[in-house]
Amino acid sequence: MKRMCEVCSKREAVILCDACGKALCSKCYEFEVWGVERTDFIIKHFCSACKEDPDINPWGAFDKAAGIEELIDNVRNIMKQTDHEEKRLLKAM
Ligand SMILES: [Zn+2]
Ligand SMILES: [Zn+2]
């Protein structure tokens with residue numbers, strides 16, 4: 001049996017909230033990019049309630065301040081850099 005979204009109950013769930021474990025559909029989940037180090041990051045998926053909770057999602061404020069497009073641009077740049085570094089490492093080996 002397919003699991004339905006626990007927020008809207010209308011669509012099929014595609015992912016679970018990283019914080020509360022609720023099943024979320026593609027319309028109800030929100031993603032957040034967490035920087036770990038300057039060049040390291042992880043992508044978290046949250047329901048809207050957890051995304052708004054600063055205890056769960058300390059990066060939420062940063063997200064709003066920077067704007068999601070800017071954030072995604074940053075992530076793309078980091079990904080490109082990582083890719084280059086990996087290729088460089090492969091060449092060196
Ligand atoms: Zn939903
Ligand atoms: Zn949640």
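The following questions and answers concern a predicted model of a protein.

Q: In what order do the secondary-structure elements of the protein run from the N terminus on?
A: The protein has three helices and four strands. Read from the N terminus, these elements follow the order β-β-β-β-α-α-α.

Q: Which element of the protein has the lowest mean pLDDT?
A: The protein averages a pLDDT of 79, and 70% of the residues score at least 70. Strand β2 (residues 23-24) has the highest mean among the elements, 96. Where pLDDT is low, the predicted coordinates should not be read in detail. The element with the lowest mean, 56, is helix α2 (residues 60-66).

Q: Is Cys50 buried or exposed?
A: Cys50 lies in helix α1, which spans residues 48-51. A residue counts as buried when 20 or more other C-beta atoms lie within 10 Å of its own. Because 23 other C-beta atoms lie within 10 Å of Cys50, this residue is buried.

Q: What distance separates the C-alpha atoms of Cys50 and Cys20?
A: Leaving out residues up to four places away in sequence, Cys50 touches Cys17, Ala19, Cys20, Ile56 and Asn57. Cys20 is 30 residues from Cys50 along the chain. The C-alpha atoms of Cys50 and Cys20 are separated by 7.4 Å.

Q: What distance separates the C-alpha atoms of Cys17 and Phe46?
A: Cys17 is placed in the loop between β1 and β2, and it counts as buried because it has 23 C-beta neighbours inside 10 Å. Beyond its neighbours within four places in sequence, Cys17 is in contact with residues including His45, Phe46 and Cys47. Phe46 is 29 residues from Cys17 along the chain. Their C-alpha atoms are separated by 4.4 Å.

Q: How many residues make up the largest nonpolar core?
A: In soluble globular proteins, nonpolar side chains tend to be buried together. Of the 93 residues of the protein, 14% count as buried. Cys17, Phe46, Cys47 and Cys50 are among the members of the largest nonpolar core, and Cys47 touches Cys17, Leu24, Cys28 and Tyr29, among others. The number of residues in this core is nine.

Q: Near what value is the phi of Ser9?
A: Ser9 is found in the segment before β1 (15-16). Ser9 is exposed, because 10 other C-beta atoms lie within 10 Å. Most residues other than glycine have a negative phi. Ser9 has a positive phi, near 60°.

Technical notes: Residues numbered from 1 in each chain as written. Chains lettered and ligands numbered in written order. Predicted model: local features only at pLDDT ≥ 70, side-chain atom pairs only at ≥ 80, totals over all residues. Helix = DSSP H or I, 4+ residues; strand = E, 2+ residues; numbered from the N terminus. Buried ≥ 20, exposed ≤ 12 C-beta atoms within 10 Å, placed from the backbone. Contact = placed C-beta atoms within 7 Å. Core = buried A, V, L, I, M, F, W, Y, C linked by C-beta atoms within 7 Å. pLDDT = per-residue confidence, 0-100.
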